Amino acid sequence: AKTLKSAQKSVWLMLPLVFTASSLCCFTGLVIYALYRKKDCDPVTSGRIAKGDEIMPLFIMDILSKAQGIPGLFLACVAAGTLSTISSNLNSMAAVTFEDFIKRFKIKIFTSSEVKSTMTSRFLAFGYGVIVIGLSFAFSLLSNAHLINAAMSVFGATGGPLL
């Protein structure tokens, strides 16, 4: 944002969307909990799923398995949303790095023409993508508790460009 006022305005405009998305996630969790709350219906202890993070696909299959194509459509929507979010994050981080560091320090080799600026931004996004893939492999070795703490720390450090 160019000014503090415009940054505050964007945060206030984003607040209802974040609240709505968070409320929908909480509501979905409550619905899933209500469905599988009995101890004999627990999908992990009954062996229907191996880990707790498989509960949402199981829920979708239990509820929508009779409707042909709907579980696949749900999976496609989840994949599209994930790819869109990751793409936005990588491009935001590349744009912030380019604008705040490369342009600010007037590194001419990367900013001498529009083509070089575009290529530099694309290489930054690609570099951040390689870093994210490497970190995802490294984080796959962590336990769930450590993974959540690490994810929150990384998001806290890199989430600024998303505002």
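Guide: The count of salt bridges comes to two, where a salt bridge is a side-chain nitrogen of Lys or Arg within 4 Å of a carboxyl oxygen of Asp or Glu. The model is predicted, so local features need pLDDT of at least 70 and side-chain atom pairs count only at pLDDT 80 or more, while totals for chains, interfaces and linings use all residues. Residues are numbered from 1 along each chain as its sequence is written, and side-chain values use heavy atoms, with hydrogens and water left out.

Arg48 sits in the loop between helix H2 (43-46) and H3, and Asp62 in helix H3, so the pair ties together parts 14 residues apart in sequence. Helices here are DSSP runs (H or I, at least four residues), numbered from the N terminus. Arg48 is partly exposed, at 46% relative accessible area, and Asp62 is also partly exposed, at 32%. The cut-offs are under 20% for buried and over 50% for exposed, with partly exposed in between (1.4 Å probe, protein chains only).

Glu99 forms a salt bridge with Lys103, with 3.3 Å between the closest N and O atoms. Glu99 is partly exposed at 42%, and Lys103 is partly exposed at 39%.

Next, helix H4. The 33 residues of H4 should span 48 Å at 1.5 Å a residue, and the end C-alpha atoms are 46 Å apart, which agrees; the expected span is 1.5 Å times one less than the number of residues. Buried residues of H4 include Leu90, Met93, Ala94, Thr97 and Phe98. Their cover includes helix H3 (55-64), helix H5 (108-111), H6 and H7.

Phe98 is also touched by Ser117, along with Phe110 and Thr111, leaving aside residues up to four places away in sequence; contact means heavy atoms within 4.5 Å. Ser117 lies in H6 (residues 114-139) and is buried, with a relative accessible area of 11%.

Last, the pocket. Helix H4 (70-102), H6 and helix H7 (144-158) each supply at least two residues of the lining of the largest pocket, and H7 gives the most, with seven. The lining has 22 residues, of which Asn89, Val132, Val154, Phe155 and Thr158 lie nearest the centre of the pocket. A pocket is an open set of points on a 1 Å grid over the protein atoms alone where a 1.4 Å probe fits, with protein on both sides within 12 Å along at least five of seven lines; lining residues have an atom within 4 Å of a point.
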